[in-house]
Amino acid sequence: MRDLNIYARICMFELDCLKIKYAKNLTLKVNTRAKTRLGVCKKSGDCYEIEIAAILLDERTPEEYLKNTIMHELLHTCYGCMNHTGRWKKLAERVNSAYGYNVKRAAAPDEELIPDGLTDKPKYKVVCPVCGTEYERYRKSALIQHPERYRCGRCKANLG
């Protein structure tokens with residue numbers, strides 16, 4: 001298992017070298033429950049909390065995914081960078097060109113970032129009877145329990 005703090009310090013050092021000011025008042029946490037996101041940055045007052053999915057700390061996951069995710073979340077702590085436009089985007093481009101990162105807004109749905117066997121598969125699925133769009137869930141949500149209350153996002157057909 002990789003050490004999140006070591007990788008975070010590497011990313012912070014690289015930001016320091018580029019003279020990119022990120023928040024110093026931040027905490028790092030490992031999220032063991034995350035299924036669909038690799039990281040998140042939350043702001044509370046003037047403090048930030050960065051959560052990184054535990055799956056990224058696994059030795060079988062490529063190291064670059066961990067570093068890209070940490071850097072992505074650290075950039076959110078910069079002034080005016082809580083979204084993925086404008087200033088955040090420019091800083092991400094600067095980091096990418098300086099260090100060869102691939103920091104971007106989000107991973108494409110077809111990108112397989114995590115090796116097979118490391119992630120859980122969704123337990124539940126609702127399929128649109130008209131167009132075949134699949135809605136997968138890890139938990140028994142309202143959609144799974146009462147699909148008749150919902151419509152397909154693609155063709156608007158009733159799912160129940």
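## Before we start

Because the model is predicted, local features need pLDDT of at least 70 and side-chain atom pairs count only at pLDDT 80 or more, while totals for chains, interfaces and linings use all residues. Residues are numbered from 1 along each chain as its sequence is written, and side-chain values use heavy atoms, with hydrogens and water left out.

## The overall fold

Let's begin with the whole chain. The protein chain has 4 helices and 5 strands. Here helices (H or I, at least four residues) and strands (E, at least two) are DSSP runs, numbered from the N terminus. Reading from the N terminus, the order of elements is α-β-β-β-α-α-β-β-α.

The C-alpha atoms fill a box of roughly 55 × 35 × 30 Å, taken along the principal axes. Of the 160 residues in the chain, 39% are buried. Buried means under 20% relative accessible area, exposed means over 50%, and partly exposed lies in between (1.4 Å probe, protein chains only). A contact means heavy atoms within 4.5 Å. Among contacts between residues at least 6 apart in sequence, 46% join residues at least 24 apart.

## How H1 packs against H2

Two packed helices are described by the angle between their axes and the distance between the axes. At what angle do the axes of H1 and H2 cross? Helix H1 (residues 4-17) and helix H2 (residues 63-76) have axes that come within 10 Å and cross at roughly 60°. This makes H1 oblique to H2. Axes are lines fitted to C-alpha atoms, for helices over the stretch in contact, and angles run from 0 to 180 degrees between N-to-C directions. Angles under 35 degrees count as roughly parallel, over 145 as roughly antiparallel, 65 to 115 as roughly perpendicular and the rest as oblique.

The crossing of H1 and H2 is right-handed. A crossing is right-handed if the near helix is turned clockwise from the far one by less than a right angle, and left-handed if anticlockwise. On the H1 side, the contact includes Leu4, Tyr7 and Leu15, and on the H2 side it includes Leu66, Ile70 and Leu74. By class, this contact of H1 with H2 has 12 nonpolar, no polar and 3 charged residues. In this scheme Ala, Val, Leu, Ile, Met, Phe, Trp, Tyr, Cys and Pro count as nonpolar, Asp, Glu, Lys and Arg as charged, and the others, Gly among them, as polar.

## How H2 packs against H3

H2 has another partner to look at. The axes of H2 and H3 come within 10 Å and cross at roughly 140°, so H2 and H3 are oblique to each other. Their crossing is right-handed.

Met71, His72, Leu75 and His76 of H2 meet Trp88, Leu91, Ala92 and Val95 of H3. The contact of H2 with H3 divides into 6 nonpolar, 2 polar and no charged residues.

## The nonpolar cores

A nonpolar core is a set of buried Ala, Val, Leu, Ile, Met, Phe, Trp, Tyr and Cys residues joined through side-chain atoms within 4.5 Å. The largest one has 32 residues, and Leu15, Ile20, Ile70, Leu74, Leu75 and Val95 have the most contacts inside it. H1, strand E3 (47-53), H2 and helix H3 (86-99) each supply at least two residues of this core. Which element gives the largest share? That is H1, with 6 residues.

Isoleucine 20 touches Leu15, Leu75, Cys78, Leu91, Arg94 and Val95, not counting residues up to four places away in sequence. A second, separate core of 8 residues includes Val126, Tyr135, Ile144 and Cys152.

Leucine 18 is found in the loop between H1 and strand E1 (26-31). Is leucine 18 buried or exposed? At 17% relative accessibility, leucine 18 counts as buried. Leaving out residues up to four places away in sequence, leucine 18 touches Arg94, Val95, Ala98 and Tyr99.

Lysine 19 is in the loop between H1 and E1, and at 70% relative accessibility lysine 19 counts as exposed. Most residues other than glycine have a negative phi. Lysine 19, although not a glycine, has a positive phi of about 60°.

## Towards the end of the chain

Lysine 156 is found in the segment after helix H4 (142-145). Its phi is near 70°, a positive value in a residue other than glycine, and lysine 156 is exposed, with a relative accessible area of 52%.

Proline 129 lies in the loop between strand E4 (124-127) and strand E5 (134-137). At 59% relative accessibility, proline 129 counts as exposed. Proline 129 and leucine 159 are 30 residues apart along the chain, and their C-alpha atoms are separated by 6.7 Å. Not counting residues up to four places away in sequence, proline 129 touches Asn158 and Leu159.
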